[in-house]
Every structure is written in structure tokens, then in C-alpha cells.
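Take a moment to turn the view around before starting.

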Amino acid sequence: MRRGVLIFSVLLITLMLFSALSWRGATANPSIKPKPMALAEEFPKTLEAEVLLPPKEHVAVWYDAETGELQMTPLPEVPLPSAAYEAVNRAPSWLRWKLLKTFEDMVLVEIDDRTTGARSSKPVLADLNNDGLLDLFVGVSTGHVLYFENIGTPKRPIFLDKSDLLEDVEVPGTHVAPAVADLNGDGLVDIAVGRENGRIDFWWNVGRPDMPRWVKASEVFADINVGRCAMPYFADVDGDGDYDLAVGTRGGTLYFYWNEGTPTTPVWVPDDGFFDGVSVGQYAMPALAKLSSDGSWWLVVGVGDGRAYAFKNIGSVEEPHWISMPEASDLNVTGRCYVAVGDLNGDGLLDLVLGNYYGDVFVAWNEGTPEQPLFASRKSHVEDTFINAGEIRIPYLIIKDPVFFFRWYVDVFYATHYVGTGRVWPGYYTDLDKLLMTREYYGDYVHFIAEFLINVSDQYPECVDEIAYWIAHEQPRTLRVIAYYALYEGNNIINDYLINVRSIYETADLLPYVRVVEHPEAEYTTVAYRCSNGTWVEVDPLIYYQFLAMPTKNTLSPYHRLSDNYEDHFFRTTLLYDNRYDVCLYELVRNASTPYEAAQRIHHWSWYTIRARWDNYGSWRASGWWQIWCNLNDNREDSVVVMCGEFATITECWLKAALIPAVEALNEGEDHVWDEFYDPEHGWVHMDTTGPPESYSDNPRLYEEGWRKDVSAVFWSDHAGRYDYPVLSPLPYTYKAKLVFKVLDADGKPVDGARVEAWSHWLIPRYYFAFRSFYNYTNEDGEATLALGHNNYTFIVISRFGYYVMGWPYPDAFTVEEGQAYTLEIRLPRSRPSPPSLLGEEELPEELSPYHLSFSVELLEAYQYAPDLYGLYQWAMYEDVWSFEPGSGAYISVYLMSREDYADFVSRRDFRAYMASELSTGLELSDRPLSLETLGDLCLVVSNVHSETTWKRIKVSVTVTYDTEPPLLVVEEPENESVIDGDTITLVFSSPSPDIHHFEVSVDDGPWVEATSPYTITGLEKGWHTIRVRAVDRSGLTSEVSLVVLLDGEWLRQREWEATVRNITIYGGIGAACAIVAVAAFVVLRRRGKS
């Protein structure tokens, strides 16, 4: 009891003291950190990609708010074996994209007679396997229907040959016209085939979408016979749920049949008046589709002269009235035209697929709008200039036009009669794009080449970069040939390419003037050469890879190797040590102090020791370096022809065998060729071993000042891989004029991809015909530059919008004077289609949101994958890849737009954007806060739609972050519990956080008011006030500081006196109370003690 009383007394006293000492105070209270979203820990979301964007295409990136992921337009995945990707990863990083491009191009080929082995391609589109992509069926002259599954994307088709799925579908004869539709509505595509006898065979599909099974039921069309060459096409014209039938014929008559039966038993009722007013000519192939957004039916008819005509129904379905629409179709595929319809690029506009007599399968992209379609061939018509330049009068060839006779000889006479195309290949882009296909066994070719690189990586890691460089730059067709002969003909030459590299390392150890230098951290190799002063200089890696390590047609030609023209000899290991001319090459250069000295010795050795002389007498011409090497002499009475081309070949081999970079230099316009070699002290050096070293070495003025030629141009012509396009020599063989060609379409818009050719007339009085001097391709400014010497020229500009000729016909000429500058504006006869236009930019909404968007788009490189200059080699699928400088004739357009505007952009309608950078090299946005609704509605679009022929390699980086960190806030004045005389409070505040959007202030729990520092508060009553300051960042996150301030010091002093009196009273009362309690407790305890 005593203990309890004491405890109670202590608690009572403590409580009273605490109450008395309590005083109103102020504290700084930062706001509680906001709780992040449940999925905030999954941020940031990042998408990074390097994309090779074809001309006329675009790629889009957007944030999918439902999945919380960044998405990009699907890119087609070319089917490659796993070894290809492993090989790419083994290669240096700077080569990987080109290596992957090479592997992809090895398995992709154009669909035409070269790949199908047949003519008369009649295409039709349908989704056989129900995967949402249109597959391709093609009837061909072998009596079969070929089937190609679309394994691409909705925006870019790629077709895989699966013709074995249709091996049961075959008709007699060479006329095979398929039409496909789900005739009975069972979800499976059935197939009808028009025959040469005018009848239609038919097969029901009773299998599965992925594995069709065909049951012949030609009785379905037993009552239909249109005479000759039936060409059926299915369309549900009346919208009753079953397919009606249009049929074309050889004679040009079009037939139409309404389907008035049941799904399993169609009944075909002819409508003789359906195509009244439509008359287009023989071999009429119809296709019906709703090409415009008004729902009208259109009729596209391909005919025997290769054209396709468009008609629109402005009547009713039952009583159509067809009007010609020439503005919608300007198509010509040369030699019969067979038509199919479908949207192959996902833009909502129906495209046309066109076959022809020659077996081509073209695509005519719809370049119009939803309201008005537009299909056009992009034919240059350049063959008009040379088709009659020569004539065959056995046993003679007659020159009728000396300027273009050589082109006639190569592209008309030689290509037509020896390749068997039956037509002209002018060595330019095809009039329309061809659809691309692959076959499963093409992957075997890639696997073979990729395995070679992998094995080199394992066994000879120092050689990986050189081998990867070769594969990445080689013509894909050449790699296919190498792989084919190794896999199927038992002739494997792939190891020659390893010998080519290893022999460089081995030879460098033997020669005193060269060293191989590895840079593993930068993933490249080069060579260093000794200079005359004893110092060593490394050369640019490009010189090492392209002009020393890269195989060329002179050093290692697959044709010569597979034909055994080398007789199993390799140029470097053979030429160094073969002493058939008494002194071998190695003995000649093994003590040379510099590469320049070694090259001079080689020239002297060729002329004075070997006594190699130009020889145009004989019955056969040496083919390949080995035959040339074995037949060098000064005996003009032998049977072997060895002229300047052979000297250039063997000299390049000598120089590269001695590890001296070299290249073939061609003066094509005046018909001579020689070599140049590279030495770090002298740069590129002229070397012509057809003459003595005293005047034919390091003397580029030889030909104009010694031979009295008017040299038009000299360019490097090794053609070592597809990226080795012709480059003008830097040496002063002639004093040049600069000619800038500005090529525009009929409307004045610049045209990229136009080829500008210069044909010198210097040879015409001597040879009776001309050679081409040089050529170049226009960039996206429409400009191409030629640097030419004094001469009379014919210039021809070739494009998909027509051609233009200057200085023709001969003897008309355009005379170029040295040292002059010419700017020539060329207007082509036809117009480019206009891409959709930007109507204007709108500001992004200013929003406070934790979601932040950043992106960066950069144009890295630009290329034109141009077909080979000569049609013969274009037929063989060779190409030249020309590079263009980003920002100087090569551009992209980048837009940030809403989903609605993106839909307009895709449909070729004009559009608006929040941000736009047109014809530039990129666009950036940094850390922009956007609401989730806004973010989910945006599309970042990188466009190459403006380009005709220029591919763009772009880098795209997009990041979405979610901010959970509130800003920092510092209130510097006043301090908490400050006492201020007067009625004004001045707040000074700041934040070290970089993303502050604004500050806000609240007084005495009043409303928040936006404020800037310093912020003055007036008109407050005397006394204590609560001031709250809040920092708001761009994410909408806040931090808060709360403090109390007293206004008017006199009032404070009065309150302090009152408080003192009160305290005395309180403390006195407390003391008295304590005394009373103590006395009471004492009395209680005493009484208890007595008791």
C-alpha cells in the first residue's frame, strides 16, 4: 500500500510538470514517400535495335499499356540455321550486321524462271495455312502449281517454297492458271486450275490447314468451257457468302458466272452482260476486288502485251457499268500479264501480284490512297537507246550506233542468245519489285559457310576477322556457288580462303618490310610497313582488308578455281617460290627495305628478267593468273594472247603475294588497264607492267602526255565483293572537270538511284564503237557527281521514271573541258509517287506523370543495293552496293505521332505529329513525363518512305521509366519557430533535384498556391502561423516542409510576462499540492505504523 501511494504521487507530480512545461512548437515534416505502383520495379522498359530499313518502308515503336512492354513493327525473320547466328557472334562486332545480311541474302532469291525453272507464271494469293498471312500459288509452264508459304510479316512478305504440298495438283499442257478459294466454307482453301483447252479442273481440300489433301472433283466446273486458255478468278461479288467466278480467255473475251448453288454443290449461272464494255485484247486475265474505300468493285485485267488495265464499276452489282480508270494503272510486265490481288504490306491498301510469260512474279505496290488506288511500272525504257544499236548478219555483227553498240552486244546479243532469257536485260533495277522466296535447302549453303567461319574461330582465331570480312563482303551468289559445289559436286574450294589469310601471316614473318599488327581490343588487324627512314607505319585497316586480304577476280576467282584453271595452285604460295623464270619472287623481295622498293624490283623483274611483253597474237587467251604466269614471254609467235588485262591480273597477284596492297585500275573509256599499289610514304602508286619501269612506273601522266590519249576516267575495278563499287583513282591521270547531275522527276522532285553514265567518244574513230567511261548513282538529293577528263561524251541518265540522253546520236556530243565545273539539271519524263505529307506539328501535352519517355534515333549508314552494270551479270544475280554519307544525300524522317495519325500515315494519307524531323539524320527526346494514356497512344515512326532505292541502317533506342523518387526540398528562410516583427513573412526555398516542375505554398492549412522563391506572405494576423512549402517534380511527386512562425515581437513579450506569472502560479500550486500529498502520505503511513 505504501509503495502504491508513492508511485501514484510520483505519476501525479510528473503529469502536472509535463502539462505545465508543454509549449506550442513547430516541426519540419517531409511528405511521406509515395508508394510506387505494384509493377514499378519492372521499370525501366528499354528497346534497342539496329535495323536495315529498305526503301519505301518504315518501322514503328510504341508502348503497349496493357502488357507494359515496348513493341516494334515485326521484322521478317529469314530462316537461317543456328550455325549462322553462332558465326555472326564469333565475328568482330563491326562486321556482324553485314555478315547477317549476307547470310540472309544467300537464302533469298527473286521468284522467276531462274529459280522455278519454268515460264508463264500465273499467280494467285490466299491464306492456305490460316496464319493470317497471304500465301502465294503460281501456275507455271511445267503443268504444275507451285506453292509458297508466306513466312514473313504482315508488312513484308517472304515466301518459302513448299510446292510438295501441291504435287497432286497437275494439268496437261503449259497453260496452268490457278484460282483458290474456300468454296464450300469449311475453312480450307480449295483450288481450281484453268487449262489450255478452255476447261477448269478442280480439287477439294479435305486435309488440314497445315497439311492439305487434294481430292479431284472437276465435275464442279463440268459445264464451263471458254474455248482456249481458261483463266479463272473467284470473288463474292454479290456478298451472299459464296464465291462467284470470272474467267479470262486467250481470245480476250471475259466470262462471268453467278454461284447460285450450295457450298458443296455450286451452280454456275452465266451472266453474258456482266463485262459489257470491257475489251482489252488477247490473253485477258481478270481479277475482281474492292480497291477503293467507297466499296465499289474494280476489275483489273492483264493482257497479252504485258499491260494491266483497270476498270471501276459505277453501276450496281447486278447491272455493272465499267468505266476505264487509266489513272489507276500504268503497268507493263512485258509479255502477257497475269494478275492477283491482296494486301501484302499491311497498309490496308490492296496490292497487285503480276506474273508474265517469262516466269517473273512481280509485286505492284498500291501507291495510291484508300480513295484512289495507283499501280505503276517503273520502267526506264533505256533499251530503246540500244535495242537497234547493232544487227546480226551472219557471219557479221553490224554496228549501227557506235555509242551504244557495246551495250547492245552485251545486253541484247550476248545475254539473249547465250543465257536464254529471250529478252533484254539492261542492267538496271527491274521495272517492278520481284517477290522473294527461299527454300529449305538454301539453309544448307549458309550452314556450310557459317561452319567454316566457326571452325576457323576454333582452330585459327587470329584469322577470324579476315574470313568474316570476306564472307560479309562477298557476293551472296558466289558463296552459294562455293557451297553448292562443295555439298553436291564434291569440289570443295573453301579452304583456299583460309590459305589466303594464313599465307599473309606466314609471309609477313619472312619479309623485312612488313608486319602484321593485331588490335584485339578493337577487333581488327592491319599491317605496318617500313619506311625509308626506318620507321614503321600502320595502314588503315580498310587498306589491309580490302586491298590485301580480300580475294578478287584476279587472285582467287571461284570460276577459275572450279574450272581448274589454277591447276590446284594458290597464287601467293606458288608465285613466291616458283622459279620458272630463274629468279623467284621471294628471292627478289626478301631483302627489300620498303614495299615501294619491293614493287620497283617486281616491275624491273617482269620487264628485264621474265621479259614479259604485251602480245595480241595467238589462238587462245590465257585465263586466270596461273595460265598467264606460265605464258609470259617476248615471243609473239606463240599461240597465247597476253594483253593489258592479263598483265593487270598477274601484276596484282605478284604485289599481293609480296604483301603489298594493290588494285586494278581501269581506263575503260579508252580501253587500257594496269595496277596501283599502296605504300605509306607515297600513297597509291601507278604501276603498268606492259612497259618498262623507267617510264611505266609511278608515272600517271604517261597516257595523256606519252600516249596522247584523252583519258576520260580511271577507276578501281577489282570488284572484290559487292561493296567494292567503282571508285575513281586519286592519281592525276587526267586533269578533271567536275560534273554535278541534278536528276529530278517530272514534278521537280529529286530522284535517288538514277544511274548517270558517261560514254567517251575517243575510241569511236579507232574501234568504231565506244566504251563506258564511268558512272555513278544519284543520292536522295538527286545528285550524282562525275569527275572526267577532256573528251566528247554521251551522257545517259537511267531511272525508274524514264531516261535522258545528252550528246546523242553520234556524232553529236557533249564536250567536257578540263578544270571546269558543270551543273546539269535533268528532268525525267515521269513523276514519282508522293509520300504522305506532314500537315503540321502539335505540342506534346504538358503532364506530370511518373512515366517518362526517352528515345534516340540515328542514321548510321546508307546504301544502294544496285544490280550489276551489265544485264548479263544482273541475270546472274550480281550487284554493286554503293554507300552514301548520312546527312549528305542520305536521310531518314522521324515522327512522334498519335495512333490515329499513324493509321493515316500507313494508309498514305496526310498526317500530323507531335515531333518531326524530316530528311534528317535522327531525332531525340529526353526524359519526357507523359501520362499513361498519352504514352500508350504514341507511335515513334522512322520512315524511309521517301526513298526509291536507298537502304538505311538505323539505330533506335527507346526507354520508358517509372519515377518513384520524390524531389528534395530545402527551406532556407525563415527557420522553424522564428519570431518576426511586423506582418510580413519572406520564404526562401530551393531544391537540388534537377526535375522540379514548380513549388507550392500553403498558409494555416489554406489552399496550395504555386510559388517561386523568394515568396512573400503579407496581411497575416499577429500570432503563430503554420507555413507549408511543397516541391512538385515533373513526375508529379512531392516533398513538403512544415514550419511555424510568430508575427509581432511586442505581442510575444506581453505573452511571455503573462506566461511567467502563470508559471509562478502553476509552480506554486504544484508545490503546495505536492506538500499536501506528502503530508497526507506521511499521516497515513504513521497511522498504519501504529496500528
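## Charges

The chain carries 86 positive and 158 negative side chains, with Lys and Arg counted as positive, Asp and Glu as negative, and His and the chain ends not counted. The centres of the two sets lie 4 Å apart, where the place of each charge is NZ of Lys, CZ of Arg, CG of Asp or CD of Glu.

## About the model

This is a predicted model, in which local features need pLDDT of at least 70 and side-chain atom pairs count only at pLDDT 80 or more, while totals for chains, interfaces and linings use all residues. Residues are numbered from 1 along each chain as its sequence is written, and side-chain values use heavy atoms, with hydrogens and water left out.

## Overall build

You will find 24 helices and 64 strands in the chain; these are DSSP runs numbered from the N terminus, helices being H or I of at least four residues and strands E of at least two. Along its principal axes, the C-alpha trace spans about 155 × 95 × 60 Å. The radius of gyration of the chain is 41 Å, while a compact globule of 1091 residues would have one near 31 Å (taken over C-alpha atoms; the globule rule is 2.2 Å times the number of residues to the power 0.38).

Of the 1091 residues, 57% count as buried, meaning under 20% relative accessible area, against over 50% for exposed and in between for partly exposed (1.4 Å probe, protein chains only). Contacts are heavy atoms within 4.5 Å; among those between residues at least 6 apart in sequence, 65% join residues at least 24 apart.

## A look at K434

Where does K434 sit? Its place is in strand β28, residues 433–434. K434 counts as buried because its relative accessibility is 9%.

The K434 side chain makes polar contacts with the side chains of D112, at 2.9 Å, and D360, at 2.8 Å. (A polar contact is a pair of N or O atoms within 3.5 Å; within protein, one must be able to donate a hydrogen and the other to accept it, and residues adjacent in sequence count only if both atoms are side-chain atoms.) Beyond four places in sequence, K434 also touches other residues, including R114, F362 and W425.

## A look at H175

H175 lies in the loop between β8 (159–161) and β9 (177–181). With a relative accessible area of 5%, H175 is buried.

Which backbone atom does the side chain of H175 reach? The backbone oxygen of A230, at 2.9 Å. Setting aside residues up to four places away in sequence, H175 is in contact with K122, G194, R195, E196, C229, A230 and M231.
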